[in-house]
Amino acid sequence: MGTYDESGSLAFLVRKTWLALRAALNAELKAYGLSTPQYATLMILADDPGQSNSDVARIVATTRQSANEMLANLERDGLIERRPHPNDRRTHQLFLTGPGRKRLDEAKVAVSRREAEVEADFSPEQQAMIRTWLVGVAGACREAPDATPPVER
């Protein structure tokens, strides 16, 4: 038994799961001309319009430079638009366009279908428990101290 099976490190199991799920979603999103971070960005802007480049980078867990490139591509494709921030000249707010909303809605159908396929072998109770557990782990990680002291050897 090792790192990548049930007895392994929680962090590696979660990472392995995320990478597999991301690959499955990327395969679905390819038909819509989107990557997983682009899809996440469209979802973020649909739920909370007016986010900044830095906000998007933080939420999708990428660098500002990578986020800026991704946002430039979404803007070039007409899926988002940047507007000057009313109170900060250096910042732009990001909004979905009509075509961006349409692309997101279409892609959501494919993503939902693929997620349902992934969850198909789990009972509704197990699905609810998994979701509760994932939210709990994410919350526990946010509550953890930023740094732990190094282990003395």
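The legends below describe close-up views of a predicted model.

**View 1. The largest nonpolar core and Y39.** The largest nonpolar core holds 20 residues, and those with the most contacts inside it are L34, Y39, L42, L71, L74, I80 and L96. Two or more residues of this core come from each of α1, α2 (36-47), α4 (64-76), β2 (92-96) and α5 (98-119), and the largest share, 5 residues, is given by α2. Leaving aside neighbours within four places in sequence, Y39 is in contact with L29, L34, L104, A107, K108 and V111. In soluble globular proteins, nonpolar side chains tend to be buried together.

**View 2. E28 in helix α1.** E28 is placed in helix α1, which covers residues 10-29, and counts as buried because its relative accessibility, 17%, is under 20%. Apart from residues up to four places away in sequence, E28 touches A110, R113 and R114.

View 3. The side chains of R114 and E117 meet in a salt bridge of 3.1 Å, N to O; they stand 3 residues apart in helix α5, so about one helical turn separates them. E119 forms a salt bridge with R131, with the closest N and O atoms 2.9 Å apart, and because E119 lies in helix α5 and R131 in helix α6 (residues 124-143), this pair ties together parts that are 12 residues apart in sequence. Salt bridges that share partners also join E28, R113, R114 and E117 into one network.

**View 4. The pair R90 and D88.** R90 forms a salt bridge with D88, the closest N and O atoms being 3.6 Å apart. R90 counts as exposed at 75% relative accessibility, whereas D88, at 23%, counts as partly exposed.

Methods. Residues numbered from 1 in each chain as written. Predicted model: local features only at pLDDT ≥ 70, side-chain atom pairs only at ≥ 80, totals over all residues. Heavy atoms only, no water. Helix = DSSP H or I, 4+ residues; strand = E, 2+ residues; numbered from the N terminus. Buried < 20%, exposed > 50% of the residue type's maximum accessible area, 1.4 Å probe, protein only. Contact = heavy atoms within 4.5 Å. Core = buried A, V, L, I, M, F, W, Y, C linked by side-chain atoms within 4.5 Å. Salt bridge = Lys/Arg side-chain N within 4 Å of Asp/Glu carboxyl O.
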